[in-house]
Amino acid sequence: MSILHITLDSEICTDSNRFTQIFDSRSETNSQSTLMLNGIPVQPQHKYTIDTNNSSPIPHHSAHAISKPDHKLAQLVLYPVSLTNATARPCIVILPGGGYHHLAEHEGAPIARWLNGLGIHAAVLHYDTYSDYEQQMEPCSTLHPIENDTVAQDAHTATTEQATRQAEAPVIQPQLLMKQVEAALQAVQQQRTEIGWHVLPDRIGLIGFSAGGHLAALTATLGTIRPNLLLLAYPVITMNDPYVHQGSRQFLLGTQPSIEQICLYSPDCQVDERTPPSFIWSSADDTSVPVQNSLSMAGALTAAGIEHELHVFQQGRHGLGLAEDHPYCGIWTELAARWLQRHGYVNEAVNEQTLITEVSVPSSSSSSSSSSSSSSSSSNYTIAAIHTPADVTSVLPAIHLVGDSTAAIKGATEKPMSGWGEYVGHDMRPGIALHNHAVNGRSTRSFITEGRLQYVADQLQTGDYLLIQFGHNDSKAEDPTRYADPARDYRHFLRQYIDTARAKGAFPVLLTSVSRRLYLENGQLDPHALGPYPEAMREVAVETDTPLVDLFQHSQQLYRQLGEQQSLRLFMHLRTGAHPNYPDGVSDNTHFSEYGAHYIARLAVQAIRQHPQLTELAKLLLPEKDVPPDHSYPLI
């Protein structure tokens with residue numbers, strides 16, 4: 001039982017007093033309207049609560065959860081198709097992502113307006129997240145992505161005991177979040193003729209993105225009130241290693257969830273015959289929430305005989321939202337519209353899209369894609385597709401990244417280790433392709449001798465950018481296949497990369513290697529943590545008139561700001577038994593955690609924005625205020 005603060009989309013109703021309601025799912029009428037003056041209710045505000053005596057199978061496990069401020073209700077924002085036309089229509093409730101840490105704005109209102117364009121009422125639920133409670137918590141060592149090269153000052157004042165206590169205890173309650181979603185599904189059914197709101201009670205859907213997809217899937221599989229239809233965009237599904245999104249699990253269940261909690265809150269383990277028809281899409285190269293999450297959910301739906309449609313795009317990134325103009329994923333809205341039309345949610349004709357192949361997979365098999373061209377709409381079949389544009393040539397430049405393990409994409413068995421190149425794409429404008437060619441253990445020499453530079457050269461087009469970051473493995477004098485003398489070979493190979501890019505009409509950009517986290521006996525950060533290699537690259541940049549981003553200096557500045565203890569959390573430091581990929585623990589001052597990789601990626605992007613020689617490259621990035629928030633802040 002929950003109480004929602006219901007408002008109207010501000011873009012169609014600038015008068016905040018015109019329509020504001022308090023919805024109380026405990027009342028017999030399922031609604032209480034309250035007059036609001038300047039955002040303040042005339043009658044006493046309700047305290048946010050849930051029914052702790054209900055018969056829900058969800059156990060209360062968060063004894064350490066912190067109370068949400070009494071004055072703050074979960075907010076449901078309505079997006080009616082028309083203020084004046086009270087025609088009964090379907091409605092879809094939207095759950096933005098954000099790793100249960102915050103809510104991603106680009107997965108809220110823009111999605112609602114897309115649905116409005118299909119003739120569907122929409123409502124965005126601002127459910128509880130960690131950020132809602134953060135101000136109520138004791139100061140801790142929680143870090144956040146860098147904003148304007150500054151670091152939160154309170155990070156230095158936190159105690160280890162406070163940080164450990166907060167990290168281990170779950171902050172938000174899964175059953176409370178599900179009650180909020182159920183209340184929203186109830187609330188949208190109420191007729192509101194004054195704003196043209198009339199909903200068909202048997203056509204109420206739920207769409208969730210990333211962690212919002214996890215919450216949507218939980219409600220659709222465990223909820224006492226379930227949607228009639230479910231859409232999931234790059235969803236978090238499993239709470240189990242190795243494919244779990246660490247940040248989402250931590251903020252939802254804490255750092256040490258029980259086996260029972262992991263199973264209970266993994267929707268793929270909870271699918272039953274009451275689970276609604278589902279539409280799922282993801283990208284095969286999603287480095288934040290691996291595609292195995294979507295595949296696992298599709299497999300569970302297949303086993304249960306639930307009609308669903310799965311689309312896996314060859315290339316994309318996490319958190320795309322509408323993915324407008326994205327060369328691979330941009331088609332998902334068209335596919336979803338056609339699916340909604342087949343389920344009676346869209347009356348208008350949907351344009352046909354010819355650049356896909358749909359295949360049917362029998363319920364007894366996996367929901368992965370195949371090369372078959374047969375199709376079926378039977379409820380016992382999975383409609384699955386892998387999407388590859390057919391001879392689509394984009395006029396937009398591409399960005400290619402070459403380098404070593406500090407930038408490379410990490411597989412599921414290596415996580416939570418991450419390369420900073422995995423997250424640079426979060427700041428790219430829609431339609432800009434980022435190709436991360438970085439490979440673990442490579443140097444300027446071995447990348448060339450293995451034919452990898454030639455492979456990249458074959459892909460380069462006029463106007464593309466080649467980002468070059470090497471140095472860590474070039475110093476390995478004991479390995480002649482990788483060692484590159486900084487005074488001669490290293491410089492020669494760097495020029496080879498530069499010349500290769502320019503020969504293709506592409507623009508080379510040098511990036512000094514990110515610094516290792518090495519401290520001297522006097523407690524100071526070692527300014528020569530990578531020996532002479534950063535300076536050698538700086539000199540080559542001057543000699544060849546090539547733009548240089550000094551990630552070595554930027555990363556050293558970051559480590560100094562954080563201090564010796566706080567900077568540990570940027571790197572791979574895990575205690576024994578903390579992660580199944582590292583059962584014996586790990587202490588690594590070279591490779592980044594997911595959290596650290598996010599930080600370094602933001603450093604690189606900020607440096608590009610500020611570089612006087614990279615103004616054209618900076619135009620390929622989202623304006624800083626429009627960058628979608630990162631979806632994971634794991635506390636390691």
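This is a predicted model: local features need pLDDT of at least 70, side-chain atom pairs count only at pLDDT 80 or more; totals for chains, interfaces and linings use all residues.
Which residues of strand 9 lie on one side and which on the other, and are they buried or exposed?

1. Burial of strand 9. Strand 9 spans residues 229-233 and is mostly covered, with 5 of its 5 residues buried. Leu229, Leu231 and Ala233 lie on one side, Leu230 and Leu232 lie on the other, and both faces are covered. In a regular strand, side chains alternate between the two faces of the sheet.

2. Helix 5, residues 211-222, forms a β-α-β unit together with strand 8 and strand 9. The unit is right-handed.

3. Pairing with strand 10. Strand 9 also pairs with strand 10 (residues 278-283), again in the parallel sense, over 4 bridges. Here Phe279 in strand 10 is the bridge partner of Leu231.

4. Cysteines. A disulfide is a covalent bond between the sulfur atoms of two cysteines. With a cut-off of 2.5 Å between cysteine sulfur atoms, the count for this model is 0 disulfides. Cys91 has 0% relative accessibility and therefore counts as buried. Cys329 likewise counts as buried, because its relative accessibility is 0%.

Conventions: Residues are numbered from 1 along each chain as its sequence is written. Side-chain values use heavy atoms; hydrogens and water are left out. Buried means under 20% relative accessible area, exposed over 50%, partly exposed in between (1.4 Å probe, protein chains only). Helices (H or I, at least four residues) and strands (E, at least two) are DSSP runs, numbered from the N terminus. A crossover is right-handed if, with the strands pointing away from the viewer, the path from the first strand over the helix to the second runs clockwise. Two strands pair if DSSP finds at least two bridges between them.
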